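This report goes through the chain contacts, the sheets and a few backbone details of the structure shown below. It is meant for a reader who has not seen the structure before.

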4 protein chains.
Amino acid sequence: MAIHVVVWGENIHDRENDVVRGIYPNGMHGTIAEALNADPAIEATTATMEQPEHGLPRDRLAETDVLTWWGHRNHGGVSDEIVERVAERVWQGMGLLVLHSGHFSKIFKKLMGTPCSLTWREAGEKERVWVINRGHPIAQGLDPHFVIPQTEMYGEPFAVPEPMETVFISWYDGGEVFRSGLTFQRGAGRIFYFSPGHEVYPIYHDENVQAVLRNAVKWAANPAPALTGITDAPNRPVNEALEPIVERGPTLHEPGEIGFR
Amino acid sequence: MAIHVVVWGENIHDRENDVVRGIYPNGMHGTIAEALNADPAIEATTATMEQPEHGLPRDRLAETDVLTWWGHRNHGGVSDEIVERVAERVWQGMGLLVLHSGHFSKIFKKLMGTPCSLTWREAGEKERVWVINRGHPIAQGLDPHFVIPQTEMYGEPFAVPEPMETVFISWYDGGEVFRSGLTFQRGAGRIFYFSPGHEVYPIYHDENVQAVLRNAVKWAANPAPALTGITDAPNRPVNEALEPIVERGPTLHEPGEIGFR
Amino acid sequence: MAIHVVVWGENIHDRENDVVRGIYPNGMHGTIAEALNADPAIEATTATMEQPEHGLPRDRLAETDVLTWWGHRNHGGVSDEIVERVAERVWQGMGLLVLHSGHFSKIFKKLMGTPCSLTWREAGEKERVWVINRGHPIAQGLDPHFVIPQTEMYGEPFAVPEPMETVFISWYDGGEVFRSGLTFQRGAGRIFYFSPGHEVYPIYHDENVQAVLRNAVKWAANPAPALTGITDAPNRPVNEALEPIVERGPTLHEPGEIGFR
Amino acid sequence: MAIHVVVWGENIHDRENDVVRGIYPNGMHGTIAEALNADPAIEATTATMEQPEHGLPRDRLAETDVLTWWGHRNHGGVSDEIVERVAERVWQGMGLLVLHSGHFSKIFKKLMGTPCSLTWREAGEKERVWVINRGHPIAQGLDPHFVIPQTEMYGEPFAVPEPMETVFISWYDGGEVFRSGLTFQRGAGRIFYFSPGHEVYPIYHDENVQAVLRNAVKWAANPAPALTGITDAPNRPVNEALEPIVERGPTLHEPGEIGFR
């Protein structure tokens, strides 16, 4: 059964900026979705910010295996309610690919618990992406390193928690380094952050970048049933204890109470 | 120089519940602060929810090395602004000890990026805390395991990210297990979650629990200067690049622009 | 294409001890292989210690996707050369499942870099295995916890490095806890340690245990090409540098030299 | 009380190579020890390979808080017995700093459980070391990045396990990157690998490098009592179980037996 992917795009510079429109006539989300659909195991559609509920109604998210997130111009404009909704689906098991300037998106900051800040320079310099973890599924088919001819520099320190795995580290012409491919897990959801992707360069047309995205979608897709109860904190009453115990001492909660929040 | 600790208490059950008041006449925060002050390297004071700004004005937090957090009855009543303020100080380097029912506090959920849910039972059963990482500073002076005679059971699954270190795991009479002592890092801030501490039992009078709290305060105190700029994303202009580079291609940002949020 | 598994058994108690022979007439390795082969995606064969090269000649290992390891009576009798050979295949990408008393095998200690010690008691007591990471592939299809009616207790502290993931933690009748399912990665090879499996109890006939083994095989199989050069440290000569550089200063190595070991 | 450090040097190129002798008249170990002793909290002495027991008799190691290891020319000449001895002390709690070409030392490979391979180039190129984890004790007092004017390039992939923390990443003139400062823990022992330090350049005279070494020594020193029993696997007899249990079923071990190895 195919992996269902929703490619989310902020779709502002895609429409308003001539340079971006020239490179991505169908929007970056359109190009990314097309690249993913080149793999028969993947069925990718798009959603954009200006749509109702940002294109992410509950029933659509419930059927999404992996969501990719690109935003830049207006992170603050994303509804808190939708962010909470996406986070819940990640905890339940939906994969999430956070792309480039998405490092500052509400959803990434919420899932990381850190500022997700970095340094940056928009000079069209060269980036060389090194594969650090060669056996990782996300790195399959890649050479030991590949070049992105023109990139926006993203530099360390990158204020994220220690990752589960460092898959890529980038070298820049101007002297910086960056952990450009990192994995995390939150609940049952696998998260991959990938930094290449500035909108005024044709980075999502790059074949290595496209290969990374396809690999990452497959890695992030978790076939386990959704953990729909993961936000619950169920009471285990004394009379249902796995081992026989006798209640002792005072209590705060009434029988059947659901606990405080 | 002494480690400055603020012991934060929700102070609701402490005042309103007769059982809790009987065990902790000065509030749980009072007992915890007293236990910490038994160590001459620590200077602990208290702050409570009903105070202005929950007792945590900016200048006080700025001088706090480690904050301990106990809340249960009214997590939702904690101001979002104060939560954001505390998170920033953690990112800058302030240590944070999250205690017992604080697992569901806004600040812990924000820093973890997960639901922080668990299972629970209030039956006064026995908990045996096993030291998993015997060389860890937080475990110093403890026996290989110690018993809390009456406890509220907190059971797995505990919906937190993989910890940096698992320091303690608890065994319960009723058949459950729980990762009762876990470390995390967010920015420059060290975080320790410790589950024992239900308010209707005298757990914060227990000498092993008190030893853990003192050890954890010392572990969490980071003497490095505060990373006050950790939420910034500074631009590194082309003409200040560490290696000489020439700007190439189109740009999105104007010179001197501060970037999007 | 099927996952090729070799189930390695020490095969000493299997032949010499009446109790073990009664429970496992075809050896524990035979029972484990049969359990794995119940999944059409897996093709499992067996190898035992008394065979030439312990049943693990180079060409067989080269075609093995996942190796499972059970030993107890004579870890010291395993050839260092074979241990080195297995380690190299793990680094190249072969998965490894280390079972029960295999915690003290040469191969596990070599890959962990720690003593891998623990505490133990052989009393046929009850073990309850809790799923800590419910979304993990190794836990699929399991209930939140399952019971092994008669087990050998393995207790903390378990002297292994912090794992990549804690999948299971066990509760014992006698009061101990144990991290009974842990994942690690070494090179491109995924490693899963699973503690249930004492030879005088019918644990490998248990359906939950068998499900864990099948899941773990699928998780550990890495379809990436073998990293056959992972032990090499190649020189990158100046004249082949990715960016043009000029050699400066004294050197220790002659051109074309392969480096020291 | 001062931190007792032993600075171990292979002391071959230090004596035999004119260039090295010119830069380090007292050996690299001499320069490193002097740099450490500049901090009054540290008492560093040296040990070298040609001494009896490589200068590391048991009683000296027993009183060593942190050992630093530099070797290159003859890793294979280090006695396996001494390697085992050092590993045991690390597991017990002794800190270990592995320097530069020590990546291929027996002790580092033993503790990592991986090949520890990398790529290299000896061209005196520039290395820029970036601080990734700014709040880490090992990075205190450093600028966000510092330059080593002439270095041997060490490049990724570096075949070590995922570290506990990535403290430094290096950028090289020739286009490579390297995780140049990594922390690990094995047993109670903290391990820091730091790559700068090629013998034909004056790297250990660099003030930033010296600051890193002093910081790392303080970070690695574990004041906890040595875990002298960490390689033992003690039996917990039924009649001493923490919770009353009754022995059930067959057994393999005789009462009082110490278990198999």
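## Interfaces, sheets and backbone details

Between chain D and chain C about 5300 Å² is buried, and carbon and sulfur atoms give 60% of that area. The model is predicted. Four elements of chain D, namely α6 (106-112), β5 (119-131), β6 (145-155) and β8 (177-186), each supply at least two residues of the side that touches chain C. Of these, β5(D) gives the largest share, with eight residues. Sorted by class, the side of chain D that touches chain C holds 28 nonpolar, 23 polar and 18 charged residues. In terms of contacts, 69 residues of chain D meet 69 residues of chain C.

How many salt bridges does the rule find across the interface of chain D and chain C? The number is zero. Polar contacts are present there, with 29 residue pairs found, both residues at pLDDT 80 or more.

The table sets out the values for the two interfaces.

Nine strands of chain D form an open sheet with mixed pairing, in the order β2-β1-β3-β4-β9-β8-β7-β5-β6. Because β2 (42-48) and β6 of chain D stand at the edges with a single partner strand each, one side of each is left without a neighbour in the sheet. On average, neighbouring strands of this sheet are turned by 25° against each other, direction ignored.

Within this sheet, β1 (residues 3-9) and β3 (residues 66-70) of chain D run parallel and are joined by five bridges. D:V5 has D:V66 as its bridge partner in β3(D). Helix α7 (residues 207-220) of chain D packs on the sheet and touches β1, β2, β3, β4, β6, β7 (165-172), β8 and β9 of chain D. The direction of α7 makes about 165° with that of β9(D). Another helix of chain D, α5 (residues 80-92), lies across β3, β4 (95-99), β8 and β9 (189-194), and runs at about 115° to β9(D).

Chain C also has a sheet. It is open, has mixed pairing and is made of nine strands in the order β2-β1-β3-β4-β9-β8-β7-β5-β6. Its edge strands, β2 (42-48) and β6 (145-155) of chain C, each pair on one side only. From one strand to the next the twist averages 25°.

In chain C, β1 (residues 3-9) and β2(C) pair in the parallel sense over seven bridges. The bridge partner of C:V5 in β2(C) is C:A44. Helix α3 (residues 27-37) of chain C lies across β1, β2, β3 (66-70) and β4 (95-99) of that chain, at about 170° to β2(C). Helix α7 (residues 207-220) of chain C packs on the sheet too, with β1, β2, β7 (165-172) and β9 (189-194) of chain C among the strands that it touches.

Some backbone details remain. Which form does the peptide bond from B:E156 to B:P157 have? This bond is cis, with omega near 5°, and B:P157 is found in the loop between β6 (145-155) and β7 (165-172) of chain B. In chain D, the peptide bond from D:E156 to D:P157 is cis, with omega near 5°. D:P157 lies in the loop between β6 and β7 of chain D. C:H54, a residue other than glycine, has a positive phi near 55°. The loop between β2 and α4 (58-62) of chain C holds C:H54.

Definitions and conventions. Residues are numbered from 1 along each chain as its sequence is written. Chains are lettered from A and ligands numbered from 1 in the order in which they are written. This is a predicted model: local features need pLDDT of at least 70, side-chain atom pairs count only at pLDDT 80 or more; totals for chains, interfaces and linings use all residues. Side-chain values use heavy atoms; hydrogens and water are left out. Contact means heavy atoms within 4.5 Å. Buried area is the accessible area (1.4 Å probe) that two parts lose on being put together, summed over both. A salt bridge is a side-chain nitrogen of Lys or Arg within 4 Å of a carboxyl oxygen of Asp or Glu. A polar contact is a pair of N or O atoms within 3.5 Å; within protein, one must be able to donate a hydrogen and the other to accept it, and residues adjacent in sequence count only if both atoms are side-chain atoms. Ala, Val, Leu, Ile, Met, Phe, Trp, Tyr, Cys and Pro count as nonpolar, Asp, Glu, Lys and Arg as charged, and the others, Gly among them, as polar. Two strands pair if DSSP finds at least two bridges between them. Axes are lines fitted to C-alpha atoms, for helices over the stretch in contact, and angles run from 0 to 180 degrees between N-to-C directions.
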